[in-house]
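Have the model open and follow along.

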Amino acid sequence: MTETIALFGAGGKMGVRLARNLMTSEFRIAPVEVGEAGRQRLQSELGLACMEADAALDGAEVVVLAVPDTLIGRVSHALSPKLKPGTMVVILDAAAPFAGHLPERPDLTYFVTHPCHPPIFNDETTAEGRRDHFGGIAAKQSIVSALMQGPEEAYGLGERVARAIWAPILRSHRVTLEQMALLEPGLSETVCATLLAVMREAMDETVRRGVPETCARDFLLGHLNILAAVTFKEIDGVFSDACNKAIQFGKPRLMRDDWLGCLDETEIAESIRRIT
């Protein structure tokens, strides 16, 4: 059986990515886009004509919401009265579901999925694969998915959808909604993105103090590569005594003693509240 997916927000940046992959998948796609610019983008880039919402929903077993976090609540509540019992609603980020913005419809299935993005350490052999930093084009990436609500047997369909929209896939991980929120915004944004922003600021400061910018960039990114390889056991290696000493004294200079508290449930909830 080939299921039909109604893709809402099909003409947006994320929507076009998903639509492109769905066109070569096992699923039928029914694209929906309210913005004229998005409609034209979908037509010019993929040759897809958008449908009206009611027509797209007619016969659709799955509804994918490729819309911003701040619009998930409004869009899902507007669509809810039109969805037949048993319909699967796929959300691409844990934020809005975690914050409770989805309609109370116990007869619907809510499936949440998100890409891990291609890893720094990979076996991509093509230039296209090495340049696909986001994923979903040429580089393999892992994904995380959660069956937030619905019968257990629905997970299989949700994972098939996730594998299609994020393809090509390296690994598929099943997590809970709470664990997905811990991964993002907790691990990926609050911790990783923040520390990367700090690294960039430190690089800019070395440039301000006289180091040529190209030199500073080469030095930082090269060390980021080898230091990450050692830290995450990608290679069998250890830090030098000097490096370990720098970490010992650098960490309390850079980090608060209680910094792991940013991953507490209350902190995650507050972070999500701010973005939804």
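The report below starts with a strand and its neighbours and then turns to the aromatic side chains.

## Strand β3 and its cover

Please keep in mind that this is a predicted model.

## Neighbours of β3

Strand β1 (residues 4-8) runs parallel to β3, and four bridges join the two. To find your way along this pairing, look for F8, which stands opposite L65 of β3.

Strand β4 (residues 88-91) also pairs with β3 in the parallel sense, over four bridges. Here V62 has M88 of β4 as its bridge partner. Between β3 and β4 the chain passes through helix α4, residues 69-79, in a right-handed β-α-β crossover.

## The aromatic pair

How many aromatic pairs does a search of the whole structure find? The search turns up one. Its members are F111 and Y155, with 5.4 Å from centre to centre and 55° between the planes, a tilted arrangement.

This pair links distant parts of the chain. F111 belongs to strand β5 (residues 109-115) and Y155 to helix α7 (residues 154-165), 44 residues apart.

## Arginines over rings

Elsewhere on the tour, R17 lies over the face of F134, at 4.0 Å from the ring centre.

Terms used: Residues are numbered from 1 along each chain as its sequence is written. This is a predicted model: local features need pLDDT of at least 70, side-chain atom pairs count only at pLDDT 80 or more; totals for chains, interfaces and linings use all residues. Side-chain values use heavy atoms; hydrogens and water are left out. Two strands pair if DSSP finds at least two bridges between them. A crossover is right-handed if, with the strands pointing away from the viewer, the path from the first strand over the helix to the second runs clockwise. Rings of Phe, Tyr and Trp (its six-membered ring) pair if their centres lie within 6.5 Å; planes under 30 degrees apart count as stacked, over 60 as edge-to-face and the rest as tilted. A charge sits over a ring if NZ of Lys or CZ of Arg is within 6 Å of the ring centre and within 35 degrees of the ring normal.
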